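Open the model in your viewer and keep the sequence panel beside it. Each stop on this tour says what to select and what is there.

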Amino acid sequence: MNAQHVTVVYKWTAKPGKLDELVSIYKAVTDAMEQNEPGAEAVHVYASEDENALYVRDEFADAGAVGFHLGSTAAEHFPDLLAIATPGPFFFFGEVPDQIKEATAQMQLGAEFGAHAAGFDR
């Protein structure tokens, strides 16, 4: 694993009757990330009808790619998402600078941060 790599795992809880709309917005988000964010290495979105929520895992090359995402694709879609869903919690795994931590606090994401301690990739 690249020591600079950042993984973000998070949840959006849709307002009643808005899960399909939330999924639709996230399809646009993933398309935009794939086309416009070379530092976004992977995105996986999972819908839970039981919880009326989406679970998302984003994989970024480094914290700079996370910052780019927050200032571009995320910023563009955030108002539409907030209109139909509640964000959080958001978990950031990897080395994340204070500037990004402050941005997530301003966005009220309920973010938590963890540095890599152990593990392996095959």
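Start by selecting A103. A103 lies in helix α4. Helices (H or I, at least four residues) and strands (E, at least two) are DSSP runs, numbered from the N terminus. A103 and L70 are 33 residues apart in sequence, and their C-alpha atoms are 8.3 Å apart in space.

A word on the model before moving on. It is a predicted model, in which local features need pLDDT of at least 70 and side-chain atom pairs count only at pLDDT 80 or more, while totals for chains, interfaces and linings use all residues. Residues are numbered from 1 along each chain as its sequence is written, and side-chain values use heavy atoms, with hydrogens and water left out.

**Helix α2**

Which residues of α2 are buried? They are A63, A65, V66, H69 and L70. Look down the axis of α2: these buried residues fall within an arc of 155°, so they line one face of the helix. The arc is that of the directions from the helix axis to the C-beta atoms. Turn to the face pointing away from the buried side, and you find the exposed residues G64 and G71. The buried residues of α2 pack against β1, α1, β3, α3, β4 and α4 (98-106). Contact here means heavy atoms within 4.5 Å.

**From α2 to α3**

Two packed helices are described by the angle between their axes and the distance between the axes. Show α2 and α3 together. Their axes come within 3 Å and cross at roughly 40°. Axes are lines fitted to C-alpha atoms, for helices over the stretch in contact, and angles run from 0 to 180 degrees between N-to-C directions. α2 and α3 are therefore oblique to each other. Angles under 35 degrees count as roughly parallel, over 145 as roughly antiparallel, 65 to 115 as roughly perpendicular and the rest as oblique.

Zoom in on the contact. H69, L70 and G71 in α2 meet T73, A74 and A75 in α3. These contact residues divide into three nonpolar, three polar and no charged. Ala, Val, Leu, Ile, Met, Phe, Trp, Tyr, Cys and Pro count as nonpolar, Asp, Glu, Lys and Arg as charged, and the others, Gly among them, as polar.

**Helix α1**

Select residues 19-36. This is α1, with 18 residues. From first C-alpha to last it reaches 25 Å, close to the 26 Å expected at 1.5 Å a residue. That expected span is 1.5 Å times one less than the number of residues.

Colour L19, L22, I25, Y26, V29, A32 and M33, the buried residues of α1. Seen down the axis of α1, they fall within an arc of 135°, so they line one face of the helix. An α-helix has 3.6 residues a turn, so residues three or four places apart point the same way. The face of α1 turned away from the buried side carries the exposed residues D20, K27, E34 and Q35. The partners of the buried residues include β1 (6-14), β2 (40-48) and α3 (73-84).

**α1 beside α3**

Show α1 with α3. The axes come within 10 Å and cross at roughly 175°. That makes α1 roughly antiparallel to α3. The contact is made by E21, L22, I25, Y26, A28, V29, A32 and M33 of α1 and T73, H77, D80, L81 and I84 of α3. By class, it has nine nonpolar, two polar and two charged residues.

**Backbone stops**

Most residues other than glycine have a negative phi, and most peptide bonds are trans. Select G88 and P89: the peptide bond between them is cis, with omega near 0°. P89 is in strand β4.

Next, go to N52, in the loop between β2 and β3. Phi of N52 is near 55°, a positive value in a residue other than glycine.

Finish at Q108, in the loop between α4 and β5 (111-114). Q108 has a positive phi of about 55° although it is not a glycine. Q108 is exposed, with a relative accessible area of 64%.

Technical notes: Buried means under 20% relative accessible area, exposed over 50%, partly exposed in between (1.4 Å probe, protein chains only).
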